[in-house]
Amino acid sequence: SQQPATSSCSISTKTMMASSTSTIAEAAAAPLVLPNSGPSTLAPHRDVPDSQDEVGPQEPQPPVPFLLFLLAVSAGVLAVLPFLGGCNVHIHRFLLAMGALFIMPFLGMQVLSLCGGRAWLLERFFEGEYSEGATSRALPCLWHPEKIQILQYTTGEVAGRTIETYAAFETTAIVEYVETARGGNRDGGHVAREEAKSELQPGSAVRLFGLKTAPQLNGCQGTCQTWLAGRWRVLLQNGEMKDVKPANLAVIRKFSVTIPASIGTNVSVTMDSHGTLNGHGLPFEASFDGSSIVAHSGPREGQAWRKAGYWRVDFVSKVLIAFAIVGIQTMFVATVLPPGVISAHSARLPLKAVFLVDGSGSVTPQQWKTGRRANQQFVSDFAKVYGSDEGKLNFGFVQFSDAAFVELPLTSDLDSVTTRLGSMTQRGGDTNFADALGACQTMLDGYTQVADN
């Protein structure tokens with residue numbers, strides 16, 4: 001019963017040997033091809049992709065939110081400012097003025113933007129060099145003032161490169177860091193301002209402003225058609241015709257956009273207050289947000305061309321916001337917080353004190369001597385606590401009986417204070433302290449020779 005099985009097994013073995021012999025012969029006849037990349041391995045082959053090319057490029061991580069940078073700056077400023085101010089009131093006044101100065105640029109930019117100057121601001125940032133086109137994604141308000149993040153280049157020699165914005169050691173990331181240090185990629189093209197004619201004439205692109213009867217048209221753009229009875233007939237972008245006085249028309253600056261790989265060469269465009277670009281040569285709808293040109297239609301919808309350098313709205317806004325935060329904190333420290341305590345000695349404010357000494361007849365000679373020694377000890381104890389700084393301690397003496405007698409005006413000379421206490425004699429008489437209190441108040445109000453600190 002086992003013989004057929006052995007025979008069958010023998011036949012199968014011969015068949016496999018023959019097949020193997022044939023395979024080896026074919027392999028010997030074929031040329032040997034070695035792999036081009038990576039060393040050979042004896043590990044079993046797995047059909048799981050282990051390279052980024054096989055699974056597709058991953059999107060870069062979002063950049064660090066600007067809000068976190070502001071929090072770090074705020075913490076550092078609040079830790080330093082109280083010590084910088086010390087106990088010097090003049091330094092606190094200087095900090096108050098510097099804080100207001102730091103806030104002014106940011107407030108000025110916001111006021112200009114809200115009062116109809118946004119188009120003027122965007123025009124100042126539009127000129128310059130631009131990167132190659134790249135895919136982009138919108139950033140939430142946590143990343144303000146950055147609005148978009150460019151992800152992967154789509155044109156030029158850098159097409160397909162993922163733009164890294166976080167620490168890494170890949171070569172592409174290092175190249176990106178070098179580009180970032182010099183303001184980003186500049187290979188896409190440039191935008192230049194065209195020569196503008198200041199005089200209005202047929203065909204001039206204009207912007208309406210200062211209209212009182214039709215304020216809803218302020219900021220609208222149009223084209224001058226003809227001159228009629230002291231007004232220009234203007235064709236608005238929405239197709240309406242309006243007759244407008246020359247005083248309510250501003251010539252719109254035109255720009256020449258040259259980004260050959262995606263937009264074209266010498267494409268003439270204008271820009272409205274929202275950053276929307278208008279021009280017959282534009283291949284798609286686009287806008288400028290102060291930092292990037294963004295496409296809104298066509299096959300390149302969602303792509304962006306980042307302006308190179310640091311003259312961009314997002315970077316300038318970051319600098320101005322940081323200065324404004326520092327300015328607010330500086331003013332807060334200068335006006336609300338007490339002087340910085342560097343040591344127990346520097347924390348003590350100057351002292352003005354007037355002693356009212358009862359020299360009436362109701363005080364016995366022994367009580368007079370005891371009171372005088374107590375006052376001397378009192379002055380000595382204050383001197384030990386305050387130290388020897390000139391102007392820290394200021395004492396005066398008023399003796400009262402029938403009337404008030406100024407025995408020693410306010411002074412910072414502690415030696416004269418001690419000497420006067422030792423030689424002061426009791427005047428005797430009634431107890432009239434009302435005049436003494438008035439003299440005390442007069443001395444305190446009129447004495448201004450106090451130390452600056």
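Reply: Start with pairing: two strands count as paired if DSSP finds at least two bridges between them. Keep in mind that this is a predicted model.

Me: Then how do you know that β10 and β11 are a pair?

Reply: The cut-off is at least two bridges, and β10 and β11 have four, in the antiparallel sense. So the pair qualifies under that rule. Phenylalanine 255 stands opposite valine 269 in β11. β10 and β11 also form a hairpin, with four residues between them.

Me: What makes β4 a partner of β10 as well?

Reply: Again the bridges: four of them join β4 to β10, and the two strands run antiparallel. With at least two needed, that is a pair. Valine 191 has valine 257 in β10 as its bridge partner.

Me: Why is β10 described as largely enclosed?

Reply: Buried means under 20% relative accessible area. Five of the five residues of β10 (residues 255–259) are buried, so the strand is largely enclosed by the rest of the structure. Phe255, Val257 and Ile259 point one way, Ser256 and Thr258 the other way, and all are buried. In a regular strand, side chains alternate between the two faces of the sheet.

Me: On to rings. How many aromatic pairs are there, if centres must lie within 6.5 Å?

Reply: By that rule the count is 14 aromatic pairs.

Me: Why is the pair of phenylalanine 125 and tryptophan 311 called stacked?

Reply: Planes under 30 degrees apart count as stacked. Here the planes are at 25 degrees and the centres 4.5 Å apart, so the pair is stacked. The pair links distant parts of the chain: phenylalanine 125 is in helix α4 (residues 89–126) and tryptophan 311 in the loop between β15 (304–306) and α6 (313–335), 186 residues apart.

Me: What kind of pair do phenylalanine 126 and tyrosine 130 form, and what makes it so?

Reply: Edge-to-face: their centres are 6.4 Å apart and their planes at 70 degrees, where over 60 is the cut-off. Phenylalanine 126 is buried at 0% relative accessibility, and tyrosine 130 is buried, also at 0%.

Me: What makes you say that arginine 427 lies over the face of phenylalanine 405?

Reply: Arginine 427 is 4.1 Å from the ring centre, and the limit is 6 Å, together with a position within 35 degrees of the ring normal.

Me: Now the backbone. Most residues other than glycine have a negative phi, and most peptide bonds are trans. What makes alanine 229 worth a look?

Reply: Alanine 229 has a positive phi of about 50 degrees although it isn't a glycine. Alanine 229 lies in the loop between β6 (221–228) and β7 (231–236). At 82% relative accessibility, against a cut-off of over 50%, alanine 229 is exposed.

Me: And what about asparagine 266?

Reply: Asparagine 266 has a positive phi too, near 55 degrees, but sits in strand β11 (residues 264–271). With 55% relative accessible area, asparagine 266 is exposed.

Me: Where is the cis peptide bond?

Reply: Between histidine 144 and proline 145, with omega about 10 degrees. Proline 145 is in the loop between β2 (134–138) and β3 (148–153).

Methods. Residues are numbered from 1 along each chain as its sequence is written. This is a predicted model: local features need pLDDT of at least 70, side-chain atom pairs count only at pLDDT 80 or more; totals for chains, interfaces and linings use all residues. Side-chain values use heavy atoms; hydrogens and water are left out. Rings of Phe, Tyr and Trp (its six-membered ring) pair if their centres lie within 6.5 Å; planes under 30 degrees apart count as stacked, over 60 as edge-to-face and the rest as tilted. Buried means under 20% relative accessible area, exposed over 50%, partly exposed in between (1.4 Å probe, protein chains only).
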